[in-house]
Amino acid sequence: MKVPRFSRKTLCIPYAVFLVFFVIVPMLVILVYAFTDRNMHFSFGNFVKFFSDPTKLSTIAYSIVIALITTVVCLLIAYPIAYILARSKMKKKYVVLMLFVLPMWINFVLRVNAIRELFNWIGLLGEANYFNTVFGMVYDFLPFMILPLYTTLMKIDNSLYEASADLGGNAFTAFTRITLPLSVPGIVSGVTMVFLPSMTNYVVSDMLGNSMVTIIGKFIYEYFGSDWHMGSMVALVLLIVVFVSTFLTGGFKSEENVRGANL
Amino acid sequence: MKKRVLSVLIAGAMLLPTLALLGGCGGKQADVVLKVYSWAEYIDEGGEGSYLYDLLAEEGEEPSEEDAPPILDDFENWYEETYGESVRVDYATFGTNEDMYNEIVLGNEYDLLCPSDYMIMKLAAEDRIEPYDPSFFDESDPNNYYVRNVSPFIADTFENGTVTVTREEETETHSWSEYAAGYMWGTTGFVYNPGHVERADLEELGWQTFTSGRYTNKITAKDNVRDTYFAALGLTYEEELLALAENKDEAYNQKLTDIFNRTAEEYTDAVGDSLLSMKANIYGFETDTGKADMVSGKIWLNYAWSGDAVYALDEAEGDGLLLEYFVPGSGSNLWFDGWVLTKGVEERGTKKAAQAFVNYMSMPESAKRNSYYIGYTSVIAGEEMLDYAKYLYEDEEAEDAAEYDLSYFFGEDVADPVIVAGEDQRTRRQLFAQFPPEEVMERCAVMNYFDADTSERINELWSHVKAESLDAWAIAVLCVSAAAIVAFVLFVKFGNKIDFFRRKPKKGYSLVRQEQMK
């Protein structure tokens with residue numbers, strides 16, 4: 001009889017169990033629900049309905065646009081900060097970095113509520129729902145952009161800049177030929193972590209947009225109150241959008257030098 | 001070897017929490033475990049702000065938390081004393097009727113639920129709940145607090161309301177009262193800030209308040225399809241409703257109820273237009289921010305349930321702001337939440353405890369405690385509840401004090417079902433919101449549940465209203481640009497793998513493949 005051998009692989013069992021029960025099975029359930037009707041008969045009805053309904057397609061488009069703007073704004077804010085923090089010889093730069101990470105330690109709902117009051121005080125609440133939504137998303141996801149950028153920028157070898165200077169490169173060339181190409185993995189992981197959740201974070205659009213802005217996450221939530229099958233179909237379409245965008249940004253390649261990406 | 005032992009140990013340790021979860025939670029040993037599933041913050045939880053606590057404080061004593069226990073503890077003690085059996089209540093809460101429905105459909109076993117009117121009908125129609133025992137309605141049993149104390153108005157409503165139950169392909173018609181015992185009830189209307197909104201204006205506008213343009217961006221609607229659809233029905237058919245009210249006859253309430261249940265396809269276009277013009281005029285859709293936004297002054301008008309209205313009025317009063325409540329003259333919504341027994345409650349042996357729970361909640365003392373704690377109106381009437389209403393609202397000193405007749409609710413058995421109060425309380429403040437007069441209830445309608453097809457159609461309509469719809473050309477442009485982006489990225493990634501796109505080597509050079517270089 002073979003004695004069961006234990007190895008370090010045994011440690012993977014809890015994770016494998018978790019994976020099967022909380023990732024794979026739910027996905028299969030969504031798949032089944034998406035392609036069945038009320039009586040659990042196989043049907044393409046939801047699929048056809050989804051792609052023939054301008055509202056749903058528009059909502060997907062709106063969500064993508066909102067997420068895109070959020071991502072671009074986050075990148076524009078985060079890149080200079082991460083660059084300065086990573087390249088400068090500032091003594092207390094950890095303090096500055098901490099200041100950006102610190103809000104993440106406060107409950108998310110509380111923060112959104114605080115912004116809501118702030119916007120009300122400025123007079124924007126209820127006046128500029130889309131702007132408020134994007135602002136809230138940027139505020140919420142900014143740390144997720146800064147951290148991976150910071151870690152990749154930190155890693156760039158200083159001798160590369162020296163070499164660039166030796167070869168007569170100016171600061172601009174050094175940036176376009178060294179910094180930018182080498183920080184691409186950080187940009188990619190930052191973009192992934194901002195773009196995808198901001199398509200579905202309907203708490204922000206509900207609180208700051210007074211529920212007047214509908215993004216795809218809200219749709220899924222509402223459909224699961226009344227029609228699981230359509231809700232699953234919307235979730236599945238979102239999954240495909242996510243899959244495609246992850247594929248295009250190369251998110252499936254393992255990125256060893258992007259620490260902090262798993263935050 | 002040592003390493004392996006260690007890894008097994010760690011793996012075991014990681015699994016432990018899972019096992020603990022599977023083992024279920026411990027807790028007090030009891031003969032019966034009663035699983036109750038109700039709304040969050042919908043029951044007396046004791047402590048500060050509870051009826052018993054405030055009563056002691058009013059008498060000049062300094063109450064402690066023990067003087068005002070949660071009502072569930074008191075029920076457990078009472079049950080053991082009365083029936084000689086110990087009971088433990090597992091009390092779980094939900095946020096929306098739909099959440100609760102999903103849980104039930106998924107097969108979670110609860111004994112007692114507290115859904116709203118339409119959800120009771122839906123659960124009954126789908127044969128998911130069980131009728132009460134005939135013994136529950138026996139008025140001679142002193143422990144049957146529900147039948148002995150329920151308001152005749154609610155009892156009539158429950159008696160007259162019918163639902164068609166489908167069981168094994170056969171349909172039977174039953175009245176709501178067989179399946180449900182009431183808990184809280186009320187109306188829907190507008191909480192408004194009289195500093196900015198004229199009462200006369202509201203009376204003139206009715207449901208048109210939403211779209212008149214006078215309160216653009218200062219009024220909220222509910223972020224749930226049923227309540228806002230109801231308001232849109234009022235908005236769409238207001239003239240017809242007012243004409244009905246002009247020539248009231250026997251069937252007035254029935255005709256009004258029919259209008260407020262117009263969910264057939266022929267009506268949805270008109271209602272959809274109303275919903276869109278509502279959306280163009282409101283500040284936002286809300287589920288629970290409305291109360292706070294009224295108090296902070298962000299909005300002037302909040303479409304609300306009467307219970308929330310009472311709560312908002314109380315809160316604002318604490319901040320020195322007097323808010324008021326208004327029910328549109330053309331008609332509004334009568335809603336209620338009630339206790340229902342789930343299927344299989346008999347087999348699980350919890351039916352007796354479940355019915356006892358309902359009876360305990362229907363004791364005047366409990367009704368006062370719950371109602372005081374949450375601000376909603378209990379379905380329980382009787383002498384003691386009238387005294388409680390008087391304790392809250394009677395004010396003979398008020399300048400314009402007059403009698404406020406509540407005989408329709410408290411019934412004829414109660415001596416003098418009349419509260420003397422000032423004009424503001426009688427027409428627009430907490431008394432009016434919590435105990436609406438009969439003339440308001442005449443024009444209030446219960447909205448039935450939507451069957452599966454209707455529900456699907458109205459949800460589609462709702463999503464069209466909530467989300468922005470782009471024109472077909474805009475969608476086409478977006479699709480084409482998305483495809484272009486995908487194609488571009490693919491080209492950048494894989495373009496050089498295709499011979500056609502690969503850069504040609506300069507003359508005189510030959511291409512060296514990477515593999516060859518290795």
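This is a predicted model: local features need pLDDT of at least 70, side-chain atom pairs count only at pLDDT 80 or more; totals for chains, interfaces and linings use all residues.
Q: Helix 5 and helix 6 of chain A: at what angle do they cross?
A: Roughly 140 degrees. The axes of helix 5 (residues 108-122) and helix 6 (residues 129-155) come within 11 Å.

Q: What does that make them, oblique or roughly antiparallel?
A: Oblique, because roughly antiparallel needs an angle over 145 degrees.

Q: Left-handed or right-handed crossing?
A: Helix 5 of chain A passes helix 6 of chain A in a right-handed crossing.

Q: Which residues make the contact?
A: From helix 5 of chain A, Phe108(A), Val112(A), Ile115(A) and Phe119(A). Helix 6 of chain A brings Asn132(A), Gly136(A), Tyr139(A) and Asp140(A). By class, that contact has five nonpolar, two polar and one charged residues.

Q: Switching to the two chains. How many residues does each put into the contact?
A: Chain B gives 32 residues and chain A gives 27.

Q: Which elements of chain B supply at least two residues each?
A: Helix 1 (2-22), strand 9 (284-286), helix 23 (452-466) and helix 24 (472-494).

Q: And how does that side of chain B divide by class?
A: Into 15 nonpolar, nine polar and eight charged residues.

Q: Now strand 1 of chain B. How many of its residues are buried?
A: Six of the eight in residues 32-39, so strand 1 is largely enclosed by the rest of the structure.

Q: What does strand 1 of chain B pair with?
A: Strand 2 (residues 87-94) of chain B, parallel, through eight bridges. Val32(B) has Val87(B) as bridge partner there. Strand 3 (residues 112-113) of chain B also pairs with strand 1 in the parallel sense, over two bridges. In that pairing, Val36(B) stands opposite Leu112(B).

Methods: Residues are numbered from 1 along each chain as its sequence is written. Chains are lettered from A and ligands numbered from 1 in the order in which they are written. Axes are lines fitted to C-alpha atoms, for helices over the stretch in contact, and angles run from 0 to 180 degrees between N-to-C directions. Helices (H or I, at least four residues) and strands (E, at least two) are DSSP runs, numbered from the N terminus. Angles under 35 degrees count as roughly parallel, over 145 as roughly antiparallel, 65 to 115 as roughly perpendicular and the rest as oblique. A crossing is left-handed if the near helix is turned anticlockwise from the far one by less than a right angle, and right-handed if clockwise. Two residues are in contact if their C-beta atoms, placed from the backbone, lie within 7 Å. Ala, Val, Leu, Ile, Met, Phe, Trp, Tyr, Cys and Pro count as nonpolar, Asp, Glu, Lys and Arg as charged, and the others, Gly among them, as polar. A residue is buried if 20 or more other C-beta atoms lie within 10 Å of its own, exposed if 12 or fewer, and partly exposed in between; C-beta atoms are placed from the backbone. Two strands pair if DSSP finds at least two bridges between them.
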